[in-house]
Amino acid sequence: VTMHLPQFEDETPSTRTLIEVSSSDQISYKWGVGDVLGIYPDAGTQVAFELSASSLSADGLSATFDGGAWALKGGHSYYAYFPFSYDCFSASVNKTNIPISYLGQKQSAFGDTSNAGQYDFNAAGPTSSSTGSLSFNFVRLGALLRVKFTLPATATYKTLTLNAGSSAIPVKGTVNLAASSIAFTPKEYSSSLSVDLNNASGTVGQTAYVYMMLPPMSLKTQGKTMTVTLSYGDDKSTTYNICTAGTTTENTPDFKANTRYKRDAVYVSGDPEGTMSGGDDEEDSNMENGHEYVDLGLPSGLKWATMNVGATTPEGYGDYFAWGETEPYYTAGHSQDDPCSSWKTGKTGYEWGSYKWCNGSYYTQTKYCTSSNFGTVDNKTTLESADDAAAKNWGGSWRMPTKAERDELCTNCTWTWTTQNGVSGYKVLSKTNSNSLFLPAAGDRNVSNLYNAGWSGCYWSSSLSASLPNNACELYFNPGDVISNGNTRCYGLSVRAVCP
């Protein structure tokens with residue numbers, strides 16, 4: 001079983017997401033040793049899986065392990081959620097109504113995120129097993145709110161409370177793992193939601209951060225205002241606006257799933273003893289379903305991802321996919337920078353004998369074929385979402401670019417061969433704004449070998465070749481050239497995703 005976390009009260013075993021904020025204010029969400037996931041079969045009761053050090057990937061974004069005595073059955077569907085809850089063993093709970101509660105949040109110290117991950121609810125499903133293996137791609141159900149304060153007093157701080165004025169904040173709900181669209185369904189509402197600050201110490205004028213996990217909610221749509229109240233000392237409190245221009249409906253956000261919101265607290269009333277901070281209303285708008293994009297000012301408005309599918313940095317090579325397939329052929333944990341030595345069951349390398357959409361040769365293609373000389377004609381020339389590596393692995397509105405969108409990137413940007421953090425590739429700079437992205441020269445996989453890594457890059461589009469149905473359109477480059485090209489569908493190439 002392979003599970004992929006989307007780049008958020010203590011029980012035993014412990015279960016949480018590690019939410020980390022870098023010095024440059026970049027945020028990451030990772031699993032840790034001891035985290036527990038619940039997995040439901042399509043018939044029967046759930047099983048809890050605890051993540052061990054050996055099951056986790058080095059970046060903490062995925063986990064792989066076998067089911068032990070709990071064997072996977074071909075033809076059956078499986079569903080998963082995180083974090084695991086013993087409440088789900090209740091007779092009244094099944095995969096259609098997994099309970100979720102945002103009550104009881106805590107923070108050990110200002111700026112600490114270690115407890116917030118207990119409320120980072122994720123879900124995945126259904127996924128079918130035909131080969132004895134599964135790959136779960138989780139959807140993050142909630143949002144993360146960060147409030148920045150200039151503390152009003154030297155004191156111990158008790159709670160931060162989000163106020164909506166009426167019962168408009170969903171604090172409890174469920175998720176239906178079998179639904180066609182995985183999402184939080186509210187069941188109980190409140191006028192407020194609090195974080196226990198655990199008597200965190202602070203000094204007057206100190207910059208402090210408080211993190212709160214929130215369910216999706218439409219306060220703006222409901223015409224609600226929003227404030228936060230910081231309580232401290234014996235009986236003091238200060239209320240703040242966390243919107244730019246006062247507590248007005250127009251400046252109240254609608255919180256969306258899988259989005260971080262950053263707000264500066266602006267004094268409204270209470271017992272201030274220091275200088276209040278100015279307002280700064282900033283949402284992480286360059287994220288789609290947990291993955292960052294860059295706006296290059298392209299005529300179509302299309303946004304390009306900042307890294308390859310399967311990578312954790314802009315310079316990372318990421319995974320290699322045959323065209324129209326959504327999983328790499330090598331086993332999880334294998335180094336992506338070296339020739340493969342460990343292949344998944346039924347795979348001998350990136351060749352026609354392993355390719356999903358043929359019967360052993362390029363003359364026997366079973367899907368995406370426009371000529372009877374190459375197999376069964378269906379005249380499909382663009383990948384369907386189910387066969388799109390970007391859509392399948394990243395979800396949301398991510399997908400692979402078409403040939404026309406690949407050409408748009410070439411035409412509307414300046415391409416400069418460079419090295420970034422020791423990795424060769426192209427800096428792709430917009431001709432209309434100052435934004436850019438980096439495409440590493442990740443090479444390609446032909447049969448069992450990785451070719452030309454560090455010298456050339458090969459990136460799939462979602463478009464079949466117009467002349468040969470055994471080829472698909474790619475973006476190819478080397479130090480001296482950037483061209484539109486075609487490549488053999490069964491070879492393993494990089495994927496750089498796009499979104500509207």
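How many bridges pair β15 and strand β16, and in which sense? I looked this up in the predicted model. The two strands pair in the antiparallel sense, over 6 bridges.

**Entry: strand β15 and its partners**

I noted the ranges next. Strand β15 runs over residues 169-175, and β16 covers residues 184-190. I picked I169 and searched for its bridge partner in β16; this is S190. Then I turned to strand β8, residues 98-101. β8 also pairs with β15 in the antiparallel sense, here over 4 bridges. In β15, T174 stands opposite P99. I also checked how covered β15 is. Of its 7 residues, 6 are buried.

**Entry: nonpolar cores**

I moved on to the cores. The largest nonpolar core has 57 residues. Which of them touch the most other members? I found F149, Y157 and L162. Strand β18, residues 207-214, gives the most to this core, with 6 residues. A second core stands separate and holds 39 residues, among them A305, Y320, C358 and A389.

I then listed contacts of L162, leaving aside neighbours within four places in sequence. They include I169, L193, M212, L214, V228 and I242. As a general point, nonpolar side chains in soluble globular proteins tend to be buried together.

**Entry: S77**

Is S77 buried or exposed? I read a relative accessible area of 16%, so S77 is buried, the cut-off being under 20%. S77 sits in strand β7, residues 76-82. Beyond four places in sequence, S77 is in contact with Y40, P41, D42, P126, T127 and S128.

**Entry: salt bridges**

I searched the whole structure and got 9 salt bridges. One joins K367 and E384, at 2.9 Å from N to O. Both residues lie in the loop between β26 (303-305) and α1 (389-394), so this pair ties together parts 17 residues apart in sequence. K367 is buried at 14% relative accessible area, whereas E384 is partly exposed at 32%.

K367 also meets D387 in a salt bridge, at 2.8 Å from N to O. D387 lies in the loop between β26 and α1 too, so this pair ties together parts that are 20 residues apart in sequence. D387 is buried, at 3% relative accessibility.

E384 has another partner, K380, with the closest N and O atoms 2.9 Å apart. K380 counts as partly exposed, at 30%. Which residues do shared partners join into one network? I wrote down K367, K380, E384 and D387.

Notes:
Residues numbered from 1 in each chain as written. Predicted model: local features only at pLDDT ≥ 70, side-chain atom pairs only at ≥ 80, totals over all residues. Heavy atoms only, no water. Core = buried A, V, L, I, M, F, W, Y, C linked by side-chain atoms within 4.5 Å. Buried < 20%, exposed > 50% of the residue type's maximum accessible area, 1.4 Å probe, protein only. Contact = heavy atoms within 4.5 Å. Pairing = 2+ DSSP bridges. Salt bridge = Lys/Arg side-chain N within 4 Å of Asp/Glu carboxyl O.
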